[in-house]
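Here is a short briefing on one model.

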Amino acid sequence: MRVHSIKTAAAIMLLCLLVAVPAWADTAKILSAVDEAGTSCRDVSRKIWEWKEPGQKEFKSAGLLKEELRKLGYQVSGDLTVPADLVPGGVAKTAFRAEMKGKGPGPTVTVMLEYDALANGHACGHNLIATSGLLAAAGLAKVMKDTPGRVLVIGTPDEERGSLGGGKVALLEGGHFEGSDVVFITHPADRWSLDQRLLAMKRSLFTFRGKSAHAAAAPHKGVNALRGVLLTFNCVDSLREHLRQDIRIHGIVTKGGERVNVVPAEAQAEFATRALDTAAMEDAYGKVVNCARAAELGTAAQLEFKEPRVSLKSPIIVAPLITSLREQMKTLGVGDGQLKDFDELASSDLGVVGYAYPTANLWFKIAPEGTALHSDALREAASSDEGWKATVTAGKAVALSAYEMLTSPEKLKDVQSTFKEMKAKEGK
Ligand SMILES: [Zn+2]
């Protein structure tokens with residue numbers, strides 16, 4: 001009996017090994033393919049860093065990335081069609097889409113690349129976002145002929161001016177993410193982090209029109225447009241007492257009159273409203289607009305206001321997707337103890353993708369803690385050896401997690417149901 005059960009156990013173990021071997025083998029294949037691509041990707045990273053092309057002008061960077069993806073066997077298309085009111089001409093010339101089909105039908109994993117620079121060069125390290133994604137694409141390319149589904153690589157330009165809608169907002173509206181089951185991106189920083197929080201944001205521009213008059217001789221003949229602006233600010237400030245802690249409303253006066261002895265006939269203020277989730281942001285935004293309307297009523301200065309064309313959403317936080325990345329990072333030597341959330345939060349056009357599809361962003365450490373994004377120090381780190389090592393690790397983690405989503409239907413199902421559930425909970 002005992003002998004028999006040992007035999008059974010051994011048989012089960014052998015069976016488990018046989019079943020598990022392909023996955024192990026593929027993991028090893030992915031990792032070695034990433035390592036093999038390391039030298040050429042580092043060269044790509046250096047070139048993009050040196051070219052430092054700003055948003056909508058990343059022609060050389062996008063061209064080089066497309067060429068590298070073609071060499072890996074991806075079907076690449078550029079000149080993506082997008083709404084003409086977001087990108088002049090309706091063509092995103094520095095965006096691209098690369099696709100690799102696997103063995104038969106299955107899920108679609110999407111990896112986003114960014115490559116736009118700032119006035120002080122690649123001080124946000126987007127050259128490393130591009131190349132960590134390229135490394136992941138190289139790793140996945142090695143196993144797709146035996147893996148169901150497909151890999152999409154989307155080149156998303158113009159992130160830094162994302163609030164204008166030229167980057168991911170335009171590509172999303174153009175339908176270029178369609179079919180994605182899960183989306184990955186990375187970002188260099190002063191730490192390793194899986195903190196997904198970004199603030200949703202909507203801007204509002206209020207113009208008040210009154211009637212000018214001599215401010216001393218005949219003020220009773222005028223309507224003071226500046227009063228409309230001032231009352232809007234006061235009203236917004238009285239709202240703050242009852243707003244959720246994460247909600248930020250900040251405004252500036254863009255026009256406030258020309259001369260002190262003339263009642264201002266035109267005044268204007270711009271506000272930005274932000275919150276940790278999109279529904280709460282929309283709610284607060286509606287209250288800000290009501291403040292301007294109240295100011296119109298109260299001052300008789302006419303309000304001119306138009307809903308903004310573009311707003312930024314905040315990503316839905318999908319715990320099982322974060323867990324997948326966390327587990328892969330552990331196997332690559334980045335343990336939980338090295339992960340650290342951010343104290344300060346901002347907005348990005350990444351949020352619109354993370355609101356539409358289950359998305360994960362992996363922050364990887366290229367500089368000492370406290371190094372600010374957009375600083376010259378971060379720019380230097382984005383071309384350093386240390387920075388490159390972390391980029392390779394990030395590329396590997398994305399490739400492995402993407403592979404897990406392609407090959408584990410239960411995990412992908414968990415990711416998608418969590419995404420839906422969390423989206424329904426917004427604003428509550
Ligand atoms: Zn950035």
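Is G337 buried or exposed? G337 counts as exposed, because its relative accessibility is 80%; the class exposed means over 50% relative accessible area, buried under 20%, and partly exposed in between (1.4 Å probe, protein chains only).

This is a predicted model, where local features need pLDDT of at least 70, side-chain atom pairs count only at pLDDT 80 or more, and totals for chains, interfaces and linings use all residues. Residues are numbered from 1 along each chain as its sequence is written, and side-chain values use heavy atoms, with hydrogens and water left out.

**Confidence**
- The average pLDDT (the predictor's confidence in each residue, from 0 to 100) is 94 for the chain, and 94% of the residues score at least 70.
- Residues 16–20 have a pLDDT below 50, and beyond near neighbours in sequence this stretch has one contact (heavy atoms within 4.5 Å) in the model.
- Where pLDDT is low, predicted coordinates should not be read in detail.

**Zinc site**
- C124 (SG), H126 (NE2) and H187 (NE2) are the protein donors of the zinc ion, at 2.1 to 2.3 Å from it.
- Donors are N, O and S atoms within 2.8 Å of the metal (3.2 Å for Na, K and Ca); water is not among the atoms, so sites may look incomplete.
- The donor spacing in sequence is C-x1-H-x60-H.
- C124 sits in the loop between β3 (108–113) and α3 (126–141), and H187 in strand β5 (residues 182–189), so the pair ties together parts 63 residues apart in sequence.
- Helices (H or I, at least four residues) and strands (E, at least two) are DSSP runs, numbered from the N terminus.
- C124 counts as buried, at 5% relative accessibility.
- H187 also counts as buried, at 9%.

**Position of G337**
- G337 lies in the loop between α7 (319–331) and α8 (350–356).
- From K255, G337 is 82 residues away in sequence and 50 Å away in space, C-alpha to C-alpha.
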